[in-house]
Protein chains: 2
Amino acid sequence: MPVLLVSPGRMLAYAAMATARGDRGLTDVPGFRVGHASDPRGLTGCTVILCGDGAVPGIDVRGLATGLRDPGPCDPGHLVPAIHALLLSGGSAYGLDAAAGVMTYLEERRIGFRLRQAVVPIVPAAILFDLSVGDHRARPTPSMARRACLNASSLAVPQGNVGAGTGATVGKLHGMARAMKAGLGSASARRGPLVVGALAVVNAWGDVMDPSTGRILAGLRDAPRGTLRVGAAAVLKGGGPPRGFRRRGSVPSSTTLGVVATNARLTKVDATAVARLAQVAYARCISPVGTRYDGDVIFCLSRGSVRADSLRVGMLAIDAMQEAIIGAALAARGVAGLPAARDLDDI
Amino acid sequence: MPVLLVSPGRMLAYAAMATARGDRGLTDVPGFRVGHASDPRGLTGCTVILCGDGAVPGIDVRGLATGLRDPGPCDPGHLVPAIHALLLSGGSAYGLDAAAGVMTYLEERRIGFRLRQAVVPIVPAAILFDLSVGDHRARPTPSMARRACLNASSLAVPQGNVGAGTGATVGKLHGMARAMKAGLGSASARRGPLVVGALAVVNAWGDVMDPSTGRILAGLRDAPRGTLRVGAAAVLKGGGPPRGFRRRGSVPSSTTLGVVATNARLTKVDATAVARLAQVAYARCISPVGTRYDGDVIFCLSRGSVRADSLRVGMLAIDAMQEAIIGAALAARGVAGLPAARDLDDI
């Protein structure tokens, strides 16, 4: 986790805690590699999680505006027992195409589900809407996703405006004018041999808050050039958008994409339960969350042999996911006229 | 909401706020009546929510140990457009029988789905496991549920050890010996003409906490006669139960049953979205929540003509549900050797 140059206080505490224990993020879990490809001009990008020769998946969808490709293998009843990579992408539904680049990369390396001569890499993908920042024609392509694969490593996960988080924003009740920049975050939690890593791309319609204080880190501002975070929940309760929001005809759909990885040996049923539990982190750090403007989803990936109950894994997943979400807000940098937390909080 | 005789501090603040604004709970929503029937010796009971000539329902299930009867009509695609009552019952799966008493009560009054001569009252039901306190042979029956219907009123909802909350307990990671008593709570939130009421029966496997402070109000204690709430999440992360929990062969299944009612005119799709959003209150007030030992479910009932976006209704539902959950912990009284929050917090 990069050192954040923040002012004293809670925000520093998070970064300091993570740095002190040498938290690399999701890549702290053995066997997983993370790679980004970013388009800092078009403001889009994608992030791939490579799972070696396969990871047991689970999924939990809570948003009502999801964009998914091949989520089937995450179902406990699905024929395919494992997945080989996961792609998180900007570009809205167009970004689903990019998964082809990951498949080609894996096919060339003979990684996938084997059927006689053929190898079929299993690569679920989830997208987020970032067409309303930067160039709306800039969208992750198969070649960009291939680049993300080539960039993949087990080093500390770069955070902020990278990969699928390049164009991520939050606080969009009044459209983009009063939104803020967020991005991608990653963190891990460890107890003895058990490691649980999390990665979050925070493009929420609502605000990101610190659950320990209730303070809003990034979200809806009072005015287009305002610095006051007014609280999306309060605005909604008072009868603010989304009515006008809809009438204006601009619905910048949103999404928080999350991945939890662990070296615990889990079944698909276990992995689904862990993905489900990790949603608690969304509920505590994002407000509102899981709306019909959000495509919120969490994947769980298990690869390892550590014996641990799924509930224990889930509790650590909540911690790691909370830290990843907060990291996504704190590591982001302002772009395209949208300030990030560090621009407003005297950093 | 009854006045709680509590020591100074946050807990008082909740009760005082509710009392000050004349909060009756779910019955603040016009057209809904709530009735309890309680067996304070057997430690079980049931609670009915009567919906007049019908309410548009929604449901969201997050627990993995649910016990439901006739949830079908809550599905947006189901033929039946409205339900006539909702039953929350103790008695584990046996308690599902009790719904027959509600159906008979409504049939006699010609309330239901009409098919020529016949009237079929639609009464979804959800149960919780309370057989491990009091007399395990004491279970809500159709006649008890009928009594709940006869007790139904639009007065302030009695809270604590009443109705389905009579045998409700929390903090059961080490079985019943270190658990605490909780119960039933109800609250409402209002903005102009829009009213959202909530009712929660808190029989969680985990702890109940105040999200504004993180303080545990009721939950797992340090020892059978202990008064220290050690934090179920911390115990789980440290590798505590559930392994031993399962080995012991005693799995006191748990559940938080929730109902949100509103005078907003909602479709079934809207009502489902509101039930979904209200789960945020569970995530913030209960830890762990939605485990495979919990049958957590939230129903939403719409009956009225107020125009309001489902997201706005959902945000108020979160507030009301949080207060209902906290009320369920604070209004409960200790029984059967299990202390309640008020027994340990110098009340």
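This is a predicted model: local features need pLDDT of at least 70, side-chain atom pairs count only at pLDDT 80 or more; totals for chains, interfaces and linings use all residues.
Student: Which element of chain B gives the most residues to the side that touches chain A?

Tutor: Several elements each supply at least two residues to that side of chain B, among them strand S2 (44–61), helix H4 (232–237) and helix H7 (310–331). Helix H6 (268–285) is also on that list. With 9 residues, the one that gives the most is H6(B).

Student: Which residue of chain B forms a salt bridge with Arg292(A)?

Tutor: Good one to look up in the structure. Across the interface of the two chains there are 6 salt bridges. In the one formed by Arg292(A), the closest N and O atoms are 3.2 Å apart, and the partner is Asp270(B).

Student: How much area do chain B and chain A bury between them?

Tutor: The contact involves 41 residues of chain B and 41 residues of chain A. Of the area buried, 52% is on carbon and sulfur atoms. The total is about 3200 Å².

Student: Which helices give two or more residues to the lining of the largest cavity?

Tutor: Let's turn to the cavities. The whole structure has 5 cavities of 30 Å³ or more, and the largest has a volume of about 290 Å³. Its lining has 20 residues, with Arg62(A), Gln279(A), Arg62(B), Gln279(B) and Ala283(B) nearest the centre. The helices you asked for are H6 of chain A and H6 of chain B.

Key:
Residues are numbered from 1 along each chain as its sequence is written. Chains are lettered from A and ligands numbered from 1 in the order in which they are written. Side-chain values use heavy atoms; hydrogens and water are left out. Contact means heavy atoms within 4.5 Å. Buried area is the accessible area (1.4 Å probe) that two parts lose on being put together, summed over both. A salt bridge is a side-chain nitrogen of Lys or Arg within 4 Å of a carboxyl oxygen of Asp or Glu. Helices (H or I, at least four residues) and strands (E, at least two) are DSSP runs, numbered from the N terminus. On a 1 Å grid over the protein atoms alone, a cavity is a set of points where a 1.4 Å probe fits but cannot get out, and a pocket is an open set with protein on both sides within 12 Å along at least five of seven lines; lining residues have an atom within 4 Å of a point. Grid points are joined across faces, edges and corners, and a volume is the space filled by probe spheres set on the points.
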